[in-house]
Amino acid sequence: MGRPLGQHFLFQASILERIAAAACPPGTPLCIEIGPGPGGLTRCLLPRCNHLVAVEIDPALAAALRAEFTSEPRFELVQADVLATNLGRWGPAAICGNLPYYITSPIIDQVLSLPPGTLTQAVFLVQREVAGRLAAQPGSRDYGYLTVATQARCRVERLFTVKPSSFRPPPKVDSAVVRLTPHLQPLVPDLPAFLKFASACFRQKRKTLRNNLMGVYDKARVEALPEAGLRAEQLSISQLIALHRSV
Ligand code: SAM
């Protein structure tokens with residue numbers, strides 16, 4: 001993509017409205033926007049929520065937004081790196097943003113790692129290829145560690161695609177809007193241990209679970225798995241969770 005800080009700004013009004021409507025259902029008490037940039041999405045979000053916090057790293061863009069909304073008590077601008085910001089500190093929030101693509105995965109991980117009850121839902125504009133991986137089904141080319149690490153914590157919906165011509169400057173690839181809704185009940189009791197297991201399972205995608213897990217988990221237990229000869233991409237999240245229990 002090549003832009004410093006992933007600065008591809010969305011200007012098409014109908015797309016901005018659609019994202020805001022998906023991110024902020026009427027009466028949303030608190031919305032956090034990641035990377036507001038020049039504020040196209042910000043202006044659509046503000047009328048829909050009681051409190052809008054916008055986290056922007058670029059000092060010039062942050063100063064312009066602060067000046068524009070100076071008399072708006074519902075608006076709060078935080079000039080900071082989102083990855084160094086505690087997004088849970090304002091309480092339960094809907095989180096949204098046209099994400100800077102160079103840190104999409106760390107932001108998604110940060111948001112999904114918020115304490116239970118802190119995230120109501122997240123609506124993000126991401127590269128279309130990333131949206132495909134987030135929402136992938138077992139057995140598909142896109143299904144991998146990112147899919148499992150995401151779907152273990154939330155339900156993923158692909159909402160719609162956005163063409164490069166909706167941005168200035170246009171990125172080289174299509175984008176897509178996804179909604180992430182945390183599971184009400186955790187699917188996995190020990191998430192860090194499961195993520196470590198999932199990462200080992202997908203270490204070399206074309207290799208069998210036996211090959212990927214040997215050396216990391218007990219050899220006899222791995223050999224005893226009926227699925228040892230399968231590849232991780234062939235197993236659903238619930239099968240991987242059950243497998244993790246057995247090793
Ligand atoms: N929301 C705007 C829009 O839709 O036009 C801008 C989206 S642009 C793809 C990404 C924005 O994230 C930019 O404004 C960029 O400065 C900001 N950004 C990049 N890295 C960031 C970081 N680490 N923390 C906070 N904001 C960041």
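This is a predicted model: local features need pLDDT of at least 70, side-chain atom pairs count only at pLDDT 80 or more; totals for chains, interfaces and linings use all residues.
User: Great. Is P226 buried or exposed?
Analyst: P226 has a relative accessible area of 76%. The cut-off for exposed is over 50%, so P226 counts as exposed.

User: Where does P226 sit?
Analyst: P226 is in the loop that runs between helix 9 (219–224) and helix 10 (237–246).

User: Which residues is P164 in contact with, leaving aside its neighbours within four places in sequence?
Analyst: Those are P170, P171, V173 and D174. As for H8, it is 156 residues from P164 in sequence, and their C-alpha atoms are 9.3 Å apart in space.

User: Switching to helix 3. Which of its residues are buried?
Analyst: In helix 3, which spans residues 59–68, the buried ones are L61, A62 and L65. Looking down the helix axis, the buried residues fall within an arc of 100°, so they line one face.

User: What do those buried residues pack against?
Analyst: They pack against three strands: strand 1 (9–10), strand 3 (49–56) and strand 4 (75–79).

User: What about the face turned away from the buried side?
Analyst: That face of helix 3 carries A60 and A67, which are exposed. A60 also features at the start of the helix, where a side-chain oxygen of D58 comes within 2.9 Å of the A60 backbone nitrogen.

User: Nice. Now the ligand: how many residues are around it, and which come nearest?
Analyst: There are 23 residues around the ligand, and Q7, L10, G35, E56 and N98 come nearest.

User: Which polar atoms of G35, G37 and Y102 are involved?
Analyst: For G35, a polar backbone atom is 2.8 Å from a nitrogen atom of the ligand. G37 also uses a polar backbone atom, 3.4 Å from a ligand oxygen. With Y102 a polar side-chain atom is involved, 2.9 Å from a nitrogen atom of the ligand.

User: How much of the ligand does the protein cover?
Analyst: On its own the ligand has 590 Å² of accessible area, and the protein covers 99% of that.

How values were computed. Residues are numbered from 1 along each chain as its sequence is written. Side-chain values use heavy atoms; hydrogens and water are left out. Helices (H or I, at least four residues) and strands (E, at least two) are DSSP runs, numbered from the N terminus. Buried means under 20% relative accessible area, exposed over 50%, partly exposed in between (1.4 Å probe, protein chains only). Contact means heavy atoms within 4.5 Å. The arc is that of the directions from the helix axis to the C-beta atoms. A polar contact is a pair of N or O atoms within 3.5 Å; within protein, one must be able to donate a hydrogen and the other to accept it, and residues adjacent in sequence count only if both atoms are side-chain atoms. A residue is near a molecule or strand if one of its heavy atoms lies within 4 Å of it. Accessible areas come from the Shrake-Rupley method with a 1.4 Å probe; for residues, only the protein chains shown count as cover.
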